[in-house]
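Hi there,

Here is the structure I promised to send over. Have a look at it first, and then read on for what turned up.

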Amino acid sequence: MKPIRSLLFCPGNNEKMVMKAISSEADAVVLDLEDAVAIEQKEQARRQLIATLEDSDLSPRIFIRINDRQTAFFEADLLAVATLKDVSVIIPKVEQKEDIHKAVENLRKGAVDGAERRISPILETAKGIINAYEIATASDKICALSFGAVDFELDINAIRTEGGDEFLYAKSHLVIASRAAGIAPPIDSVYPDFQDDHGLQQESFKAKSLGFQGKGAIHPRQLGIINQVFSPTKEEVDYATAVVEAFEEAERNGLASIKLDGKMIDYPVYKKAQQILAYRN
């Protein structure tokens with residue numbers, strides 16, 4: 001499956017915005033039943049969202065962000081999602097593998113036949129970050145970990161800075177845990193100021209440099225910048241293509257190390273070139 005460069009969050013109880021988000025340039029869409037919905041509207045929002053999606057052509061790139069396990073809405077949200085085919089789940093405030101086990105248990109109840117469902121846990125507390133590896137390996141349904149910066153900032157009593165150094169350990173830990181677990185790279189948190197293009201670009205570059213596959217968005221206008229940052233340039237694609245073609249030709253001739261444009265090419269370089277090509281538009 002292609003990497004998710006951009007993940008657009010949208011209130012799940014706004015049908016007009018839901019349909020607009022689904023048709024956007026986002027690689028994946030998160031229809032939100034958690035932070036975007038007032039407590040007294042949770043039940044209605046869930047029913048409304050399920051009805052909207054039942055009448056729509058569903059994309060396998062649609063996620064529903066449910067309410068976390070500590071709320072009264074967790075199980076009902078999961079049981080509702082289980083009635084939809086090929087819609088995946090984002091679970092907020094995951095702190096331990098038992099949170100995933102409970103989610104999988106509920107998704108199995110009343111699940112439609114042939115559903116291809118993935119789970120992306122959001123790690124946004126100190127406990128969640130520390131337990132990242134056990135969460136990543138809690139189920140074969142885990143597709144990628146996500147980072148929640150706003151709640152993490154609150155949880156560890158940090159102050160958000162322009163450079164984001166307060167998140168460096170947590171983000172690096174998610175990248176390492178994801179790789180150790182054998183799942184896709186994590187997805188970075190949203191950038192809250194949707195009018196600050198420069199700040200979004202800088203934070204996206206930093207996440208990419210750490211090893212993230214993509215980033216969340218709270219507004220469609222952020223998608224262009226995020227997709228551009230997490231996509232290789234034409235020059236990068238051209239060089240990666242040349243590396244793959246040259247190395248595969250050499251490999252057919254029994255060689256595993258060659259010279260290309262004055263540089264030595266071996267398996268790590270070849271595999272990195274394949275990674276770059278996976279991010280092509």
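Let me begin with Asp188: its relative accessibility is 3%, under the 20% cut-off, so Asp188 counts as buried. Please keep in mind that this is a predicted model. Asp188 sits in strand S7, which covers residues 187-188. Setting aside neighbours within four places in sequence, Asp188 is in contact with Phe147, Lys171, Glu203, Ala207, Phe212, Gly214, Lys215 and Gly216.

Now for the whole protein. It has 12 helices and 10 strands. Its radius of gyration is 20 Å, close to the 19 Å from the globule rule for 281 residues, so the protein is as compact as a globular protein of that length. The C-alpha trace spans about 65 × 45 × 35 Å along the principal axes. Of the 281 residues, 48% count as buried. Among contacts between residues at least 6 apart in sequence, 70% join residues at least 24 apart.

As for the surface, the accessible area is about 14000 Å², and carbon and sulfur atoms account for 52% of it. The protein has 34 positive and 44 negative charges, whose mean positions are 3 Å apart.

Best wishes

Methods
Residues numbered from 1 in each chain as written. Predicted model: local features only at pLDDT ≥ 70, side-chain atom pairs only at ≥ 80, totals over all residues. Heavy atoms only, no water. Helix = DSSP H or I, 4+ residues; strand = E, 2+ residues; numbered from the N terminus. Rg over C-alpha atoms; globule rule 2.2 N^0.38 Å. Buried < 20%, exposed > 50% of the residue type's maximum accessible area, 1.4 Å probe, protein only. Contact = heavy atoms within 4.5 Å. Areas by Shrake-Rupley, 256 points an atom, 1.4 Å probe, with all protein chains shown as cover. Lys, Arg positive; Asp, Glu negative; His and termini not counted. Charge placed at Lys NZ, Arg CZ, Asp CG, Glu CD.
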